[in-house]
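Biologist: Could you bring up the model, please? I would like to go through it with you piece by piece.

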Amino acid sequence: MGARVIDGTGRDIGHVSDVRLTESAGTVHPGMLHLDGIVIATRRRSRLLGYDHRPVAAPWPLTALARRAARHALWAPWTAVTTFRQPSRLGEPGTLTLDRESSVLTELTTMYGHWNTTA
């Protein structure tokens, strides 16, 4: 959480705001959690307040706040992460590098429908 995210062109595109875990449906390890991907807050001062993983329906002030906070957020599948660089000093965020440009990443708000139909 908080790690800087660098896209495939070397550009700093934001920080990890959240991760999405999915539950395994297999028979070998049923219920095991897997890292599905990361939510990237593209604004330096952006805080998604925990409303970035699903749409908020009510009350309306929270709905408006959640939509505003998540409108620039991006989704990257975990398979797109190529490296993690440890921070140089304790307490600082590390750095994740992706294998693709930010322009091909999915906007977080478009993932809501997919997650709600597959969950």
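Predicted model: local features only at pLDDT ≥ 70, side-chain atom pairs only at ≥ 80, totals over all residues.

Biologist: Where is T95 found, and what does T95 touch?

Modeller: T95 is found in strand β6. Not counting residues up to four places away in sequence, T95 touches A3, R4, I6, T83, F84 and R85. Contact here means heavy atoms within 4.5 Å. Strands (E, at least two residues) and helices (H or I, at least four) are DSSP runs, numbered from the N terminus.

Biologist: Which residue stands opposite T95?

Modeller: That is R85. β5 and β6 pair in the antiparallel sense over 4 bridges. Two strands pair if DSSP finds at least two bridges between them.

Biologist: And in what sense do β1 and β6 pair?

Modeller: β1, residues 4-6, and β6 pair in the parallel sense, over 3 bridges. There, I6 stands opposite T97 in β6.

Biologist: What is the strand order in the sheet?

Modeller: The sheet is open, with 7 strands in the order β5-β6-β1-β2-β3-β4-β7, and its pairing is mixed. β5 (81-85) and β7 (106-107) stand at the edges with a single partner strand each, so one side of each has no neighbour in the sheet.

Biologist: Which strand does β7 pair with?

Modeller: β7 pairs with β4 (residues 74-77) in the antiparallel sense, over 2 bridges. E107 in β7 is the bridge partner of L74.

Biologist: What is I38 in contact with?

Modeller: Leaving aside neighbours within four places in sequence, I38 is in contact with V5, V16, D18, V19, L74, W75, A76, W78, V81 and L96.

Biologist: Which residues form the nonpolar patch on the surface?

Modeller: M1, V19, L21, L33, L35 and W78 form it, with about 580 Å² of accessible area together. Accessible areas come from the Shrake-Rupley method with a 1.4 Å probe, and for residues only the protein chains shown count as cover. Patches are made of residues with over 30% relative accessible area and no salt bridge, with like charges joined within 9 Å and nonpolar side chains (Val, Leu, Ile, Met, Phe, Trp, Tyr) within 5 Å. β2 (12-23) and β3 (33-41) each supply at least two residues of the patch. L33, in strand β3, counts as exposed at 52% relative accessibility.

Biologist: How many salt bridges are there?

Modeller: The count comes to 5, where a salt bridge is a side-chain nitrogen of Lys or Arg within 4 Å of a carboxyl oxygen of Asp or Glu. One of them joins R20 and D36, whose closest N and O atoms are 3.6 Å apart. R20 lies in β2 and D36 in β3, so the pair ties together parts that are 16 residues apart in sequence.

Biologist: What about D7 and R11?

Modeller: They form a salt bridge too, the closest N and O atoms being 4.0 Å apart. D7 is buried at 3% relative accessibility, whereas R11 is partly exposed at 46%.

Biologist: And where is R100 found?

Modeller: R100 is found in the loop between β6 and β7, and its side chain meets that of D99 in a salt bridge (2.8 Å, N to O). R100 and D7 are 93 residues apart in sequence and 5.8 Å apart in space, C-alpha to C-alpha. Beyond four places in sequence, R100 is in contact with D7, G8, P77, T79, A80 and L105.

How values were computed
Residues numbered from 1 in each chain as written. Heavy atoms only, no water. Buried < 20%, exposed > 50% of the residue type's maximum accessible area, 1.4 Å probe, protein only.
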